[in-house]
Amino acid sequence: MDRHDDFREFVLARQQGLMRTAYLLTGDAHLAEDLLQSVLIKVARRWSKLSGDGSPEAYTRKALVNQYISWKRRPQPEVLSADLPEHGTCHDDAALQRIMLRQALAKLAPRQRAVIVLRFWEDLTEAQTAEALGCAPGTVKSQAHRALARLRALAPELAYLLNDPEIVEVAR
Amino acid sequence: MTRLREALDGIAAEAPLVDLADVAVAGHRRRRRATAVLAAVATVAVVGAASVAVTLPWQRADRTATPQRVDTVADLPDGAVGPIAYAFQTPCKTQSNPLRIDCGTVEWRVVTRSGRTYRVPQALVSTAKDYSVPVAISRDGRMLVYYSRQAQAHVVRDLVGGTQVTSPVTVKEERIGVGSMLALSDDGRYVIFDPREGSKDPGVLIDVRTGRHRPVDGKYEVVSIKGGVAELVRYVKTDLWQMPVAGGGRPVRFDGRFIMFSEIAPDGRTVAAFEFPDHTKRRLTVLDAKTGRTLRKVPMRGLPSGRDGAVTGTALWTSGREVVVVYGTKDDVRTYAVNIDTGKARQVARYPAGGKAQQLVLPGVASQ
């Protein structure tokens with residue numbers, strides 16, 4: 001039996017969920033895959049310790065968020081793309097909403113974006129989000145408040161998404 | 001479920017399926033090997049230095065310095081690595097006293113958009129006759145084509161899908177001449193190989209999936225392959241031929257002489273180039289590739305001032321109104337998106353050059 005079998009099993013079970021988190025953080029399929037791959041290599045290195053502690057998933061998520069924030073700090077040269085902006089395509093309301101939300105998320109600071117993903121998509125508690133981001137719970141609260149305010153300012157059309165009582169409560 | 005979560009769920013559902021278990025294990029093993037090699041080299045260096053210092057201090061002056069090459073850049077792995085931003089050759093090593101230039105260590109490397117660099121040892125750098133051998137990258141950075149000495153053919157790598165296709169069409173190494181050129185289609189299916197730029201020696205358009213191939217008139221040089229059409233230019237006259245990969249089409253003659261052609265713009269007919277021999281005047285000419293008419297001449301504004309750099313070419317269109325111009329200095333290469341109406345240039349990216357890299361290859365640009 002390969003000593004990496006346990007790690008493989010963990011990746012097979014969790015990679016799709018982690019990939020979705022990475023995709024929400026980066027907004028780009030290729031970058032998300034790069035991000036997750038580089039984090040999983042780190043996880044593989046520490047696997048014997050992590051599997052003993054029983055919390056590889058929490059570690060992986062934390063590494064994913066930190067690596068994402070670290071990448072965003074590096075200078076980002078504009079990448080030439082062969083894809084031109086799309087014109088004249090019909091979208092339904094849900095698709096339009098996703099496009100607007102995606103554009104607004106791209107304008108958030110990396111930590112703010114991470115808070116949105118962890119708190120409102122992963123449904124982590126304030127304490128868990130703070131643990132993943134390596135900051136105090138109070139910072140998570142203030143970042144969430146600022147992130148939601150910025151989303152409202154960037155995309156007023158999406159205000160109704162942010163008016164659910166649970167979200168208003170978190171941002172208070 | 002909140003409406004925000006529902007919307008985020010919708011975006012998350014667009015994440016592609018991945019299978020990263022083996023890639024992560026392989027990456028971990030590779031890094032461990034690199035660390036072990038580094039540690040071993042460091043140990044040897046320390047032990048060696050200590051022995052020399054303790055036992056033979058008087059012999060130091062006579063020792064010949066042997067440079068230790070500790071290269072931690074990984075080889076391009078077999079699987080997916082993500083799209084690449086550019087490729088380059090490592091420069092020759094220069095040794096002074098006695099002056100010696102060693103080009104034996106030159107190799108092709110690629111840099112992914114996320115910033116990781118890989119060696120591509122399979123890609124031949126120069127032929128037995130010392131002619132440079134090019135690589136080419138598809139417009140979206142997904143595909144890479146290089147010449148393999150072992151296969152005596154071109155190899156197309158899909159760096160996102162993790163697959164590889166070796167062209168069924170053998171090209172003998174001796175056929176690669178001075179200034180050979182290479183271009184690759186977006187889907188990696190079509191490769192144009194021109195054995196010798198500026199000669200009448202015909203090139204070949206290869207369908208790497210089926211092995212079908214057709215000659216390309218040697219009087220023409222390839223600029224790009226886009227949307228199933230190869231853009232070919234005959235210099236001096238100047239003619240531009242939009243040749244479908246299945247053959248056909250006919251050249252259009254421009255009124256004047258032009259060089260450094262861009263790919264065809266998204267409208268399918270506009271092309272940007274520089275008038276020859278006035279190409280140093282920083283004036284872009286916008287041409288109609290259907291009629292051959294000059295649409296306008298646009299002085300470029302916003303490029304670096306000074307004489308230590310020059311426009312060296314054009315590249316992709318970033319939109320229907322902006323085309324990328326490549327500007328090189330001795331230290332770096334920069335790309336600028338130039339508005340074809342106003343001439344205003346804005347810097348897009350910067351690449352290493354000079355002592356760090358040579359033979360920069362950008363996506364979608366035929367290379368030599």
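User: Which residue of chain B forms a salt bridge with D34(A)?
Analyst: In this predicted model, local features need pLDDT of at least 70, side-chain atom pairs count only at pLDDT 80 or more, and totals for chains, interfaces and linings use all residues. Residues are numbered from 1 along each chain as its sequence is written, chains are lettered from A in the order in which they are written, and side-chain values use heavy atoms, with hydrogens and water left out. A salt bridge is a side-chain nitrogen of Lys or Arg within 4 Å of a carboxyl oxygen of Asp or Glu. The closest N and O atoms are 3.0 Å apart, and the partner of D34(A) is R116(B).

User: How many salt bridges does the rule find across the interface of chain A and chain B?
Analyst: The interface puts 49 residues of chain A in contact (heavy atoms within 4.5 Å) with 47 residues of chain B. Across this interface of chain A and chain B, the number of salt bridges found by the rule is 5.

User: Which residues line the largest cavity?
Analyst: A cavity is a set of points on a 1 Å grid over the protein atoms alone where a 1.4 Å probe fits but cannot get out, and lining residues have an atom within 4 Å of a point. D34(A), the salt-bridge partner of R116(B), is one of the lining residues of the largest cavity.

How values were computed: 1 Å grid on protein atoms, 1.4 Å probe; cavity = no way out; pocket = protein on both sides within 12 Å on 5 of 7 lines; lining within 4 Å.
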